[in-house]
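Hi everyone, thanks for making time for this. Have the structure open while I talk, and we will walk through some of its contacts together.

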Amino acid sequence: QVQLVESGGGLVQAGGSLRLSCAAAGRSFSTYAMGWFRQAPGKEREIVAAISWSGSSTYYTDSVKGRFTISRDNAKNTVYLQMNSLKPEETAVYYCAAAGRFLATYTEYRHWGQGTQVTVSS
């Protein structure tokens with residue numbers, strides 16, 4: 001019951017920053033935990049960060065801790081991923097997704113956006 005659309009991707013040099021946005025349509029956005037995932041060419045999709053419905057709890061994969069920040073604004077039905085000090089190996093399509101609980105398993109993310117391309121040049 002929620003539709004997600006990512007934006008904010010693009011080309012950035014190594015060490016640069018991008019801020020991704022995920023806009024949600026639907027009255028139930030604030031009841032969902034949200035996650036950001038990425039998928040590089042030829043690789044499995046992996047979780048990058050997650051946030052609880054209230055925004056009070058967050059999770060980050062080890063490789064992005066201290067550089068990425070996930071946040072949400074329930075009044076705007078939007079979740080963000082601020083990415084700093086980007087590395088070339090983080091080139092991927094980035095997706096946002098919605099789940100019924102924080103720290104959901106992959107299969108529990110039932111709603112997905114279309115993805116936005118992030119390219120980090122050497």
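Let's begin with arginine 67, which counts as buried because its relative accessibility is 12%, under the 20% cut-off. Keep in mind as we go that this is a predicted model.

What does arginine 67 pair with? It forms a salt bridge with glutamate 90, and the closest N and O atoms are 2.5 Å apart. Arginine 67 sits in the loop between strand 6 (58–60) and strand 7 (68–73), while glutamate 90 sits in the loop between strand 8 and strand 9, so this pair ties together parts that are 23 residues apart in sequence.

Is glutamate 90 buried or exposed? With a relative accessibility of 2%, glutamate 90 counts as buried. Glutamate 90 also forms a salt bridge with arginine 38, with 3.4 Å between the closest N and O atoms. This pair again links distant parts of the chain: arginine 38 belongs to strand 4, glutamate 90 to the loop between strand 8 (78–83) and strand 9, and they are 52 residues apart.

Salt bridges with shared partners join Arg38, Glu46, Arg67 and Glu90 into one network. How many salt bridges are there in the whole structure? A search finds five. One of them is between glutamate 108 and arginine 101, whose closest N and O atoms are 2.9 Å apart. Arginine 101 has a relative accessible area of 42%, so arginine 101 is partly exposed.

Let's move on to the aromatic rings. The count here is six aromatic pairs. Take phenylalanine 37 and tyrosine 106, which make an edge-to-face pair, 6.0 Å from centre to centre and with 80° between the planes. Where do these two residues sit in the chain? Phenylalanine 37 is in strand 4 (residues 33–39), and tyrosine 106 is in the loop between strand 9 (92–99) and strand 10 (109–112), so to speak a link between distant parts, 69 residues apart.

Phenylalanine 37 counts as buried because its relative accessibility is 3%, whereas tyrosine 106, at 44%, counts as partly exposed.

Phenylalanine 37 has another ring partner, tryptophan 112, and this pair is tilted, with the centres 4.8 Å apart and the planes at 55°. The pair connects strand 4, where phenylalanine 37 lies, with strand 10, where tryptophan 112 lies, and the two residues are 75 residues apart. Tryptophan 112 has 26% relative accessibility, so tryptophan 112 counts as partly exposed.

Which residues end up in the cluster? Ring pairs link Phe37, Tyr95, Tyr106, Tyr109 and Trp112. One member, tyrosine 95, has a charged neighbour as well: arginine 45 lies over its face, 3.8 Å from the ring centre.

You can find serine 7 opposite serine 21 of strand 3.

A disulfide is a covalent bond between the sulfur atoms of two cysteines. The structure holds one, and it joins cysteine 22 to cysteine 96, with an S to S distance of 1.9 Å. Cysteine 22 is in strand 3 and cysteine 96 in strand 9, so to speak two distant parts of the chain, 74 residues apart. Are these cysteines buried or exposed? Both are buried. The torsion about their S-S bond is about 55°, so this disulfide is right-handed.

Technical notes: Residues numbered from 1 in each chain as written. Predicted model: local features only at pLDDT ≥ 70, side-chain atom pairs only at ≥ 80, totals over all residues. Heavy atoms only, no water. Phe/Tyr/Trp six-rings, centres within 6.5 Å; stacked < 30°, edge-to-face > 60°. Helix = DSSP H or I, 4+ residues; strand = E, 2+ residues; numbered from the N terminus. Buried < 20%, exposed > 50% of the residue type's maximum accessible area, 1.4 Å probe, protein only. Lys NZ or Arg CZ within 6 Å of the ring centre and 35° of its normal. Salt bridge = Lys/Arg side-chain N within 4 Å of Asp/Glu carboxyl O. Pairing = 2+ DSSP bridges. Disulfide = S-S within 2.5 Å.
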